[in-house]
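The sequence and structure come first, and the text follows.

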Amino acid sequence: MGTLGKLQALRSGELSAVENLERFLERIEKMNRELNAFLQLNPRAREEAEEVDRRIGRGEGGRLSGLVVAVKSNINVLGLRATCASRTLEDYVSTYDAEVITRIRREGGVVVGMTNMDEFACGSSGESSAFGPTGNPSAPGYIPGGSSSGSAAAVAAGLCDLALGTDTGGSIRNPASHCGVAGLKPTYGLVPRHGLIDLGMSLDQIGPLAPDVHGLSLLMECIAGKNPGEGMMLEVERVSYELEGDVGGMRIGVCPQFSFLTDPRINEVVERKVERLRELGAEVEEVSIPHLEHALSAYYLIVSVEFFSATRRYDGRKYGKRIEEVCGEEVLRRIAMGSYISRKEYRGKYYQRALQLRTLIRKEFSSAFRRVEVLVGPTVPKLPHRLGQKLSPLEMYAYDYLTVPANLAGICAGVVKAGEVGGIPVGIQVQGPPLGEEKILRVMRALEAGA
Amino acid sequence: MKIGFEVHLQLRTERKLYCDCPTNYAEVPPNTNVCPICTGMPGAKPMRPNRAAVEAAVEISLMLGCRVQTGKPLYIQRKHYDYPDLPSGYQRTSLPLALEGSLEGVRIREVHLEEDPGQYDPVSGSVDFNRSGIPLVEIVTEPDLRSPEEARRFLRSLIRVLEYTGKVRPEAGGAMRVDVNVSLEGGGRVEVKNINSVKGTYRALKFELQRQAERLRRGERVSRETRAYLESQMITVPMRTKELEEDYRYIPDPDLPPVLLEEEWVEEVRGRMVEPPHLRERRLVEKYGLPPASARVITGERELADLFERVAREVNPLFAADWFRTKLKKVLNYMGLRAGEVGFSAEQLLSLLKMVEGGRISPEQGELVLRELAREPADPEEILLRMGLLPLGRGELEELVERVMEENREAVRDYLAGREEALNFLTGRVVRASGGRANPREAVGLLREKLEELRGKGQTS
């Protein structure tokens with residue numbers, strides 16, 4: 001039963017919100033010990049589901065009508081722990097709801113719990129959580145990807161209907177690809193960030209993970225749109241997507257720089273899907289993002305400087321622990337790098353140059369989108385490693401090679417499962433221009449339907 | 001000696017700079033005017049800067065004759081430093097909103113918009129975030145001042161300009177913080193922080209002048225450094241080296257779009273702007289022929305100058321100015337009132353001044369009425385009546401004069417014997433006997449008349 005089927009069952013009363021919740025809680029009970037997808041369950045979830053049932057009874061169930069939502073641990077949910085999977089915030093209990101949570105509640109969504117993640121979203125494997133790594137239910141023994149590891153794993157394992165993740169350099173798309181679920185990083189400024197704990201503020205976006213593209217679209221329709229007063233939002237009141245459009249005649253771009261460094265087995269899976277789109281009548285055209293290879297270094301410079309700034313508040317006074325004293329290696333590495341390159345004497349050398357590169361990449365994407373409507377390609381250039389296998393920082397960063405450009409350019413990008421390599425899911429990435437969500441969701445839906 | 005300032009003053013807005021919390025931080029229990037934004041809770045995102053604060057800063061810039069940076073993106077910067085009162089570990093400060101103004105010959109370098117941190121109490125180790133996020137205007141001058149006295153005078157003028165806008169909190173309430181740069185010929189530039197009053201600034205400068213001059217006289221170096229002013233001891237001390245080597249690692253705040261000041265809007269603000277006090281002071285001298293000292297006093301507060309210009313339309317401006325500088329100012333000071341706080345109307349004051357100007361009551365009586373007016377505003381005629389100060393009729397005065405002459409025969413004899421001072425004595429008696437209602441000038445005239453009459457009679461008899 002897909003998201004729409006579930007929603008239908010809830011609305012018709014065939015399934016109550018409480019029953020829906022309890023089925024998930026049972027599965028979580030059974031599977032979470034192994035999977036470690038959830039760090040905390042919502043003790044009030046049942047009460048909240050009961051309230052939603054009363055609302056459904058009055059015909060006021062909202063767009064989510066009792067669908068169960070898992071939330072990444074870097075998003076504030078009043079009374080729950082937004083630890084960012086770090087010792088730094090292990091005692092921090094949220095004092096407010098993030099704007100997206102307010103919206104989900106308004107639409108009758110039930111928050112089931114807080115999911116595991118890479119510490120402060122700094123990672124691409126799901127292994128850097130202070131509370132232990134997350135498993136990959138679709139490829140046991142392998143990393144689930146990250147940093148929204150728990151959210152992707154929870155969706156893949158059927159522990160929730162929908163999940164919120166966050167994506168700064170691929171943190172929704174990467175685990176979606178490795179876990180074989182759908183995920184979307186919205187256009188920068190489309191979804192409110194108020195309540196999202198910072199990694200790189202100019203890159204961070206909250207977005208949905210779901211078992212299917214309809215789930216992504218539904219959650220987006222609930223959380224997207226302007227938050228009055230929030231500084232960096234686009235002038236979009238709300239969104240509504242039509243997914244069942246024809247992809248025939250659509251101009252779809254492929255890019256040689258995407259496949260250049262990618263595992264040939266992954267390229268093969270992706271190419272089969274591109275072929276499928278061609279069969280459906282899409283025009284496939286080759287475009288170029290000449291400076292793609294510089295995106296990764298620009299990204300790490302920018303994210304480090306912003307992360308350094310964002311973590312100054314964890315000075316040990318308000319939250320009990322000084323971040324540098326309790327955090328893991330990768331978080332410390334980024335803080336140190338951010339502190340170093342933002343020094344007065346180096347600013348021109350690194351940060352300013354990184355911002356220039358970012359402008360360049362943005363321009364290259366924007367000229368590509370003058371020729372094609374969407375770009376398709378691989379999500380992650382290599383297959384996930386086995387849990388526990390040691391990687392150097394640079395090997396780890398290489399996972400992000402194909403996802404960071406969308407964040408730098410501020411565009412939207414989504415992932416659906418394209419196939420498998422040796423039993424490991426592989427996702428195809430569809431990127432679109434700013435506010436091109438409907439287009440990419442349509443292509444993703446077509447790929448999903450034709451799978 | 002070269003002195004330059006960085007002056008910070010709180011702007012008087014209803015709401016904080018980046019959130020909707022109210023700004024009456026001193027009137028409410030600690031940590032009640034707070035929200036996730038102004039306490040820097042993880043994940044909280046600032047709102048766009050409060051338009052009222054931006055407008056106040058622009059208006060202040062215009063009043064200081066600055067060039068407002070219209071049409072270009074003015075980024076809000078994060079200035080990082082580590083202190084308990086700073087909930088996010090950085091303070092937001094705008095790039096200059098305006099450049100290159102001047103005030104009384106001192107060049108203004110730039111004007112910024114900043115946010116106030118919270119208030120840290122080192123004794124209890126607690127922080128009150130009510131103040132966190134209150135908008136501040138920061139004004140940076142060139143090092144154009146030459147002595148502590150000049151600096152003090154300038155600072156007062158600057159505060160007067162800011163208070164004229166009605167958009168800053170009164171300096172006297174501790175809403176001001178001053179950093180001052182001071183250097184002597186042949187010495188390094190010393191920055192003194194932690195000053196929060198005009199008096200403190202003057203004392204810190206006096207101290208620095210002496211300290212630096214003494215070092216130079218002994219042939220020692222004055223090195224470039226940052227010092228803190230200790231209010232309690234009226235001295236400056238070096239700040240810790242850690243604080244000196246601080247690198248603020250400025251970055252544009254990724255959570256905020258740059259401020260864009262549109263030409264048209266700035267012109268609107270200019271149109272609404274009140275006349276700056278330093279220009280008004282000059283105009284009062286030119287237009288009404290006031291002595292500069294009176295003009296300075298009268299323009300000390302906008303409301304005082306407004307009151308003056310209202311009454312100067314109907315009474316002699318010089319007469320009015322004299323009254324303002326001496327009597328009105330005295331009464332207000334005595335009562336601890338600011339001109340903006342008086343309860344009487346311009347019309348009531350005007351009617352009083354007219355009585356004095358027309359000679360209906362004496363200036364002394366006028367001052368009594370003025371005190372009453374300030375204490376319990378009412379129509380001056382009514383006050384006269386209430387106080388029993390209604391001027392005496394000619395007949396009443398005549399009766400009094402005759403009675404006083406009767407009761408003071410010796411003084412009358414003295415006068416007739418040619419001792420002029422006896423007349424003053426008699427006048428005093430008349431005024432006293434009238435309970436202050438008699439106009440001394442009138443009394444003296446009448447007395448002289450009667451006495452001379454007596455002299456005439458005496459000669460004939």
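## Domain interfaces in chains B and A

In this predicted model, the centres of domain 1 of chain B and domain 2 of chain B, taken over C-alpha atoms, are 35 Å apart. The contact (heavy atoms within 4.5 Å) takes 11 residues from domain 1 of chain B and 13 residues from domain 2 of chain B. Chain B is divided into domain 1 (2–268), domain 2 (275–386) and domain 3 (394–460), with bounds from an automatic or database domain assignment.

Residues are numbered from 1 along each chain as its sequence is written, and chains are lettered from A and ligands numbered from 1 in the order in which they are written. Local features need pLDDT of at least 70 and side-chain atom pairs count only at pLDDT 80 or more, while totals for chains, interfaces and linings use all residues; side-chain values use heavy atoms, with hydrogens and water left out.

Buried area is the accessible area (1.4 Å probe) that two parts lose on being put together, summed over both. Domain 1 of chain B and domain 2 of chain B bury about 1000 Å² between them, with 49% of it on carbon and sulfur atoms. On the side of domain 1 of chain B, the residues that lose the most area to domain 2 of chain B are B:M63, B:R160 and B:Y164, together 67% of what that side buries. B:R160 also forms a salt bridge with B:E281, the closest N and O atoms being 2.9 Å apart. Helix 2 (residues 148–164) of chain B gives the most to this side of domain 1 of chain B, with 6 residues; helices are DSSP runs of H or I with at least four residues, numbered from the N terminus.

In chain A, the assignment gives domain 1 (3–223) and domain 2 (251–289 + 369–385 + 402–449). Their centres, taken over C-alpha atoms, are separated by 24 Å. Contact involves 34 residues of domain 1 of chain A and 35 residues of domain 2 of chain A. The area buried between these two domains is about 2400 Å², of which carbon and sulfur atoms give 63%. In domain 1 of chain A, A:R173, A:T187 and A:V213 lose the most area to domain 2 of chain A, together 25% of what that side buries.

The table lists salt bridges (a side-chain nitrogen of Lys or Arg within 4 Å of a carboxyl oxygen of Asp or Glu).

| Interface | Salt bridges |
|---|---|
| Domain 1 and domain 2 of chain B | 2 salt bridges |
| Domain 1 and domain 2 of chain A | 0 salt bridges |

Definitions and conventions
Helices (H or I, at least four residues) and strands (E, at least two) are DSSP runs, numbered from the N terminus.
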